[in-house]
Amino acid sequence: MNKEVLNVKDMHKIYPGGVHAVKGVSFYVNEGESVAIIGSSGSGKSTVLRCINRLIEPTEGIVMLKGNRINTPVVDINEIRSRIGMVFQSFELFAHLKVLQNITLGLIHVRGMSESEAEDLALSVLERVDMLDRKDAYPGNLSGGQKQRVAIARALAMKPEILLFDEPTSALDPELIGSVLENIRSLADEGMTMVIVTHEIGFARDVADRIIYMDQGIIAEEGGSDIIDNPQTERMQKFLSTWD
Amino acid sequence: MSELSRVCLDSKESKKNTLRGLIIVFSLTLLIICSTQAQGQSSKKSGWELITTDTELDILNVISTEGNEVWGFGESGLMMHSDDKGHNWNIFDSITNENLTSSDYLNGNLAIAGSNGLVMIKRGVSEWLDLSIPDNSIDLKDIAISSDDYFFVIGDKGTLWNYDGDAWENISMNGSMQYNSISFIDDNNGQNGIIVGNNGLILTTIDQGVTWDIITPPDAIKNSNIISIELFSNSKAYATTQEGRILVSRNLETSIGFEWDLVTEEKLPDNNIQIVNIDVINPLKIIITGTNNYIATSKDGGNTVEEHNISLIPLEMNWTIYDIEMIDGFCGVLSGSQGIILVTGINEDGCTEGLDQTLGFQIEEFNKFGKFADKYSSWMLDGLIATMKIVGFGILFGFIIGITLAMLKTAPTSLKDMLESHLERVIFFSWFMLPLSVLLTRQFENILFSVLVIITLLLIIKLIEFVNNNNYSEELSGQEGFFGLVISSERRLLWTRILGLSYIVGIPNIRGMEIRGGFAMIFESVISFKKLDLSGVAYIFAPIGDPMAFSYFILGIFITFPGLLLLTSNGKYSNVEIPYLKDKKIVIKPWELRPLNSLATLYTDMFRNTPLVVQFLFLHFGIEMGKRIENAADGIFDNIPYLADIFSDRIYLSAICALAMNSGAYQCETLRGAIAAIPSGQMEAGRSIGLTYLQTMRLIILPQSIRICIPPLGNEMVNLVLNSSLAMVIGYTELTRQGKLINAITFQITWTWGMVMISYFVVTWTLALILRRIEVKTKIPGLGIV
């Protein structure tokens, strides 16, 4: 059961300007597990997430997906990325395409599905995030919460082996957060493998099997969801106190 | 939310309706304008002046002798004389009642021929001498003097008589022939002569009429009657058929008259007109005259003839212009039925009509704009269509060039990426494809062929990759490389250095297989520059002095730089830091260099920093772009008339190229700005679902950025329409040049340029309307403002 999906070993990232954002981060994610990465702004959590699917190239370290190293020049990174879903803080829906086309685009051009196949699949994932009624709307006419649910649907449609969330609720109004979190929670319940970078401490505690607390580019504390209630390190205690 | 979107939709709908209304109003106005008949009168001035004579008889021929002297001969022995180029005439008492049909003049000898075998000759100032042929039943048609005392007459039923100074000799050949005209050359002792007649008959002699050769006429006029002939010089003779088709015999090596070409393709549009005479002023300027007031000039050696409008002169409709005689190329006399004479106008400078002007061409005086506009709007339309033709292709190709350049400019492929992720691919292209293309070019001496081969190979590779990548399986396919060719990470550095070395040294000269490396290219081109012997600042013109060396120089730099970089690589792709003060340093990032970007920048800088007029001139005259394309496409499109037409007009091709290449450079910058305006998250989102860079560009970034840049792109297109007027500098007859031509004919400066302005406005305004409509149609909620 405890099959390892993602393994990050000693990851470093030094940006061209010389900022050492990630200083030797190692962690793993097992199948069906959801891992939350929390931490204050600038602690390097988003960088870690982006290094996993190489939207940012890690300077050093190894990223393994299902036992295969993926951060070498010779792998087909496009194929790798199609197996790693990603949901962005600012949704990044394709503004010129309708909701349905946003989802079918990847299926048609990456998976090589026919249009009707892709549409069937897209409709089913839209139903899952409860957005079926807005399938013909343009992203510009959707609310923030709806956009993020479509973005989740877009990532889900690719049937990813792991789903990365980059602060999925940070850009949302408080009253819209609920529906998005509900969707993520149900995904966790269905056994989706997930890495969630979030500021929602309470949500992280509820949903995540494990929590990683990052501070200044390193993993300061790691453990089950109970570490939120009983932080061991001083830094995490301080961090959590600002949230209460 | 739905409320909001409904509002959006409503406003869109109303905008649409306004636009529709505008278009309807516009087209209705156009329709009304077009259907209204132009009203107005015009008075015209003809280049010909009518001279009244005291006779009603037909003047059958006129001939100029010496100086300003002109003779006219006509019906019933009509003889008239003028000594002021035909303005005042003196009619002689008849000395014969025969119709004087023809005359010829050579070296003081004036000979006339007429009905019933009449021939008379006047030598110098002496009286007329009757030299009629013995057979007085023959109506003579033409007479030609070949030398002082030697002349020929032709008549009905193929009669040909020759006077040798003593007596007439009948040298008729075949009674079934029907001769119309005879002409002998004025020099060369008159050895060379030609007779033309019905059914394409042409006879030529080169021994003063002793033997005559029957010449095969061009097929198209086999059954036509060749009515008139003039031997202009010993290298050119012109003849015309009754339908106004001009034939020419040009022969530089042997005598003329043996080979004939038809130069006028078209028959006269009016079947009622029959040509009776041809007069050659110079090898390009030819005048033909005929029945129904017909007179026309060709200014291009007969290819096209332009009819004179002499309708203002009060002549009866069925007036026949029997003869025209140009006295000196500037002044001329026309003779016709009912004793009418026309002369070219004379002012204090002599005759107003010269070789540079259209002889007898009207200068119309328009007192009503309607008439002017009515007449010249078709010219405007022609110019407008020509403009639209280059503009249309210019926009199309300009956009293609622009979008390609913008993609190149924004391409993130740096040297580092190329080596890190695609070393195998780079090696394959450098060591296989490049040498192959060079060798192919050298072997077939045709760059097009090798380009085709390379493109085919690239397509095959792409196809194989496409098939491979589309086999999506649940399992990770693992390492890919390039066709299973993977260089292990320990060896990568070594291969990188070898690759760098190969760039620098190339392939040494073994059995002519030499491919020069970067060093050799730079070295040789520098030597070539030295040979140009330029001094100091003049070296900036070296690219024109030796273009080949310059291109090798640039190429050499493009090859040597990465070569050196690769050779000295330590596998870390680090920046070069040069400290110059205690704590300051210059940082050079050689690995961040983006080759594609550099190429595109080179192009746009070239075209954005030189004037468009100069680009037109350089492309058309400097490197003969149009001619090269024409030659390259020669014969390829023979079966597609439309394309064949396009590819045979080199000015048109050059104009399109210059416009498109210039516009492409500007459109590139516009598009690049629009691409940069799309949030980087869109690219990340596209890549994160597994699209390749190009797919993301094509499916996500470009559709959005093109929507953003429709207004500036529209601006650029309007600019292109306006810039197209510069095509006139290479002789392309677009709207502005057409305006210039109209101006040259009518001198209506305000009207002409006003009409040109309005025409441009209509085109660009329509274009702007269409673009505005497209902008509204492609509007996406949430993208951009309003």
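In the predicted model, helix α2 (residues 369–410) of chain B packs against helix α17 (residues 735–746) of chain B, their axes coming within 8 Å and crossing at roughly 150°. Because an angle over 145 degrees counts as roughly antiparallel, α2(B) is classed as roughly antiparallel to α17(B). The crossing of the two helices is right-handed. On the α2(B) side, the contact is made by B:F372, B:Y376, B:W379, B:M380, B:D382, B:G383, B:L384 and B:T387. The residues contributed by α17(B) are B:L735, B:Q738, B:G739, B:I742 and B:T746. Sorted by class, this contact comprises seven nonpolar, five polar and one charged residues.

Chain B as a whole contains 18 helices and 36 strands. Of its 786 residues, 35% are buried. Among the contacts in chain B with a separation of 6 or more, 57% are between residues 24 or more positions apart.

Several β elements of chain B were examined in detail. Strands β11, β12, β13 and β14 form an open sheet in the order β11-β12-β13-β14, with antiparallel pairing. The edges of this sheet are β11 (140–147) and β14 (168–170), each of which pairs on one side only. From one strand to the next, the twist averages 20°. Within the sheet, β12 (residues 150–155) and β13 (residues 159–163) run antiparallel and are joined by five bridges. In this pairing, B:G155 stands opposite B:T159 of β13(B). In general, the strands of a sheet pair through backbone hydrogen bonds, in either the parallel or the antiparallel sense.

Strand β16 (residues 193–197) of chain B is mostly covered, with five of its five residues buried. Burial extends to both faces of β16(B): B:G193, B:I195 and B:G197 lie on one side, and B:I194 and B:V196 on the other. Strand β15 (residues 179–184) of chain B pairs with β16(B) in the antiparallel sense over five bridges, and B:I182 stands opposite B:I195 of β16(B). Strand β17 (residues 201–205) of chain B is likewise antiparallel to β16(B) and joined to it by five bridges. Here B:V196 stands opposite B:I202 of β17(B). Strands β16(B) and β17(B) form a hairpin with three residues between the strands, in which B:N199 takes a positive phi near 55°.

Positive phi values also occur elsewhere in the model. Most residues other than glycine have a negative phi. B:N116 is classed as partly exposed because 17 other C-beta atoms lie within 10 Å. In chain A, A:D10 also has a positive phi, near 50°, and is a residue other than glycine. A:D10 is located in strand β1 (residues 4–14) of chain A. With 13 other C-beta atoms within 10 Å, A:D10 is therefore partly exposed.

A further loop position in chain B is B:L532, which lies between α6 (518–531) and α7 (542–545). B:L532 has 15 C-beta neighbours inside 10 Å and so counts as partly exposed. When residues up to four places away in sequence are left out, B:L532 touches B:A542, B:G545 and B:D546.

Chain A contains eight helices and ten strands. Buried residues account for 52% of its 244 residues. Of the contacts in chain A between residues at least 6 apart in sequence, 65% join residues at least 24 apart. Helix α1 (residues 45–52) of chain A is mostly covered, eight of its eight residues being buried. The buried residues of α1(A) are A:K45, A:S46, A:T47, A:V48, A:L49, A:R50, A:C51 and A:I52. Just after α1(A), A:R54 adopts a positive phi of about 60°.

Note on methods
Residues numbered from 1 in each chain as written. Chains lettered and ligands numbered in written order. Predicted model: local features only at pLDDT ≥ 70, side-chain atom pairs only at ≥ 80, totals over all residues. Buried ≥ 20, exposed ≤ 12 C-beta atoms within 10 Å, placed from the backbone. Helix = DSSP H or I, 4+ residues; strand = E, 2+ residues; numbered from the N terminus. Contact = placed C-beta atoms within 7 Å. Axes fitted to C-alpha atoms, helices over the stretch in contact; angles between N-to-C directions. Parallel < 35°, antiparallel > 145°, perpendicular 65-115°, else oblique. Left-handed = near helix turned anticlockwise from the far one by under 90°. Nonpolar A, V, L, I, M, F, W, Y, C, P; charged D, E, K, R; others polar. Pairing = 2+ DSSP bridges.
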